[in-house]
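Subject: Handover of the structure

Hello,

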Amino acid sequence: MNVTIVDYKSGNISSVINSFKEVADNKIIIEVTSDVGKIKSADKVVLPGQGSFKSCVDALQSINGLVDCLNDFVMNKKKPLLGICVGLQMFADVGYEESETKGLGWISGKVTKIDNQNGKYKLPHIGWNQINIVKGSKIFKDIKDKSHMYFVHSYEFVPTDKNSISATTDYSSKHVCAVEKENIFGTQFHPEKSDKTGLKIIDNFINL
Amino acid sequence: MLKNRIIPCLDVKNGRVVKGINFVDLKDAGDPVEQAKIYSDGGADEICFLDITASNENRDTIYEVVENTSKKCFVPLTVGGGVRSVDDINKLLNCGADKVSINTAAVENSKVVVDSSKKFGSQCIVVAIDAKKKGDKWEVFTHGGRNNSGIDALEYAKKMEDSGAGELLVTSMDRDGTQVGYDIELMSRISSKVNIPLIASGGVGNLDHLVEGIKSGKASAVLAASIFHYGKYSVKEAKQYLESKGIPVRT
């Protein structure tokens with residue numbers, strides 16, 4: 001079994017790599033690559049994402065064949081993929097950070113800025129917040145409702161298909177912080193920075 | 001509900017901790033990885049390294065420290081001290097820092113903040129402001145507090161937000177090392193002026209100071225060094241105290 005972290009030169013993925021390697025403990029191969037051929041043959045894919053929605057989509061598209069490869073992996077092969085932060089946001093049809101940008105369209109919906117209610121809520125939403133688990137998700141095995149996770153973002157994913165929502169968190173409103181749709185998993189929070197609970201989520205994904 | 005964060009700060013020089021925990025039975029009190037791990041296991045919400053390496057030839061030591069720490073600590077790691085350029089930020093992030101704090105370089109040239117936040121995202125750019133009271137204003141100091149830029153701290157804070165900073169780490173130079181508490185007025189004035197989170201720093205001597213920093217200073221996070229290093233309080237005790245005062249913390 002191998003888990004492949006997509007390195008598409010968008011932001012800092014060292015923490016993601018370190019956490020997956022820690023959990024894998026040399027028993028499972030963790031690949032880090034932008035090589036489309038290698039991603040094609042992966043058993044599981046992790047799609048991180050930092051920076052803006054637009055910069056991440058642009059970076060994905062700048063690698064020849066990568067978007068097609070990911071589409072095939074998720075939609076045809078139906079293999080498990082975990083999106084983290086902007087990695088999750090890109091599941092949407094469209095994002096509005098910087099400018100209107102088309103997303104991957106795997107889970108219909110949009111990505112919009114968190115309403116700061118005229119300055120009542122500081123943005124980015126940085127720090128530890130509790131998650132409200134709204135449906136049993138495979139990656140939440142042994143994760144307690146109201147667990148603390150580390151967040152850092154200013155935009156939120158608003159899916160039209162509410163059944164895809166697996167957890168929400170309270171900041172300005174109850175916004176979506178985890179999704180699961182068949183083989184597609186995503187977390188708005190950073191499991192790689194969420195201490196032991198976060199590592200457990202990574203462990204759950206690796207052992208799906 | 002978003003929790004207020006407690007951030008222990010470790011001073012690192014030439015790759016070794018010079019101001020850090022000195023009360024527990026450490027195998028190697030100078031090992032940054034071991035110290036960071038003790039704090040993260042003890043419930044610290046984030047770890048901050050301040051690199052105070054003076055000589056240029058030893059500057060690279062911080063990269064190794066960050067790399068080793070990020071392999072063992074799975075809470076956010078903020079690194080500051082001597083960060084001069086987008087390239088420095090890039091190197092720190094690649095080594096596993098989650099956030100980089102910029103001080104002097106941001107005062108000298110705000111383009112570093114603009115460029116780095118565009119390149120890496122605001123979420124990893126912290127601007128550190130060292131401020132000292134002068135009359136009814138505060139002025140921004142650089143070079144570890146040695147030089148007065150003469151710039152108004154409140155206006156500067158706003159400018160840094162507009163330049164793309166994701167957070168502000170505000171240290172009162174008047175209070176730093178005094179243990180008499182944060183400069184609450186400075187914190188609350190800056191926090192009210194900007195819409196990004198503020199980390200309060202400088203002057204913590206007891207747990208009530210942490211409470212004041214959050215309640216009156218309107219800080220999202222509180223940074224402290226000596227009260228934790230010298231065993232006066234543990235992070236856990238600090239959190240219990242904050243919770244008893246109605247402040248939401250991660251427990």
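How many bridges join strand S5 (residues 94-95) of chain A to S6(A), and do these strands run parallel or antiparallel? Two bridges join them, and the strands run antiparallel. A:Val94 stands opposite A:Lys102 in S6(A).

Some conventions before the rest. This is a predicted model, in which local features need pLDDT of at least 70 and side-chain atom pairs count only at pLDDT 80 or more, while totals for chains, interfaces and linings use all residues. Residues are numbered from 1 along each chain as its sequence is written, chains are lettered from A and ligands numbered from 1 in the order in which they are written, and side-chain values use heavy atoms, with hydrogens and water left out. Helices (H or I, at least four residues) and strands (E, at least two) are DSSP runs, numbered from the N terminus. Two strands pair if DSSP finds at least two bridges between them.

Sheets of chain A

The two strands above belong to an open sheet of four strands in the order S6-S5-S7-S10 (chain A), with mixed pairing. Its edge strands are S6 (101-102) and S10 of chain A, each of which pairs on one side only.

Another open sheet has nine strands in the order S2-S1-S3-S4-S13-S12-S11-S8-S9 (chain A), and its pairing is mixed. S2 (29-33) and S9 (148-153) of chain A stand at the edges with a single partner strand each, so one side of each has no neighbour in the sheet. From one strand to the next the twist averages 30° (axes are lines fitted to C-alpha atoms, for helices over the stretch in contact, and angles run from 0 to 180 degrees between N-to-C directions). Within this sheet, S1 (residues 2-6) and S3 (residues 44-47) of chain A pair in the parallel sense over three bridges, and A:Val3 stands opposite A:Lys44 in S3(A).

Single residues in chain A

A:Ser164 sits in the loop between strand S10 (155-159) and strand S11 (165-171) of chain A. A:Ser164 is buried, with a relative accessible area of 1% (buried means under 20% relative accessible area, exposed over 50%, partly exposed in between, with a 1.4 Å probe and protein chains only). Not counting residues up to four places away in sequence, A:Ser164 touches A:Ile107, A:Lys135, A:Pro159, A:Ala178, A:Val179, A:Glu180 and A:Lys181 (contact means heavy atoms within 4.5 Å).

A:Cys85 has a positive phi of about 55° although it is not a glycine. A:Cys85 lies in the loop between strand S4 (81-84) and helix H5 (86-89) of chain A and counts as buried at 5% relative accessibility. A positive phi of about 55° is also found at A:Asp195, again not a glycine. A:Asp195 lies in helix H6 (residues 195-206) of chain A and is buried, with a relative accessible area of 14%.

The peptide bond from A:Leu123 to A:Pro124 is cis, with omega near 0°. A:Pro124 is in the loop between strand S7 (109-113) and strand S8 (125-133) of chain A.

Strands of chain B

Six of the six residues of strand S9 (residues 167-172) of chain B are buried, so the strand is largely enclosed by the rest of the structure. B:Glu167, B:Leu169 and B:Thr171 lie on one side, and B:Leu168, B:Val170 and B:Ser172 on the other. S9(B) runs parallel to strand S6 (residues 125-134) of chain B, to which six bridges join it; here B:Asp130 stands opposite B:Thr171. Four bridges join S9(B) to strand S10 (residues 198-201) of chain B, also in parallel, and B:Leu169 has B:Ile199 as its bridge partner.

Strand S5 (residues 99-102) of chain B has B:Lys99 and B:Ser101 pointing one way and B:Val100 and B:Ile102 the other, all of them buried. S5(B) and S6(B) pair in the parallel sense over three bridges, with B:Ile102 partnered by B:Val127 in S6(B).

Helix packing in chain B

Helix H3 (residues 86-95) and helix H5 (residues 111-120) of chain B pack at an angle of about 35°, with their axes 10 Å apart.

Regards
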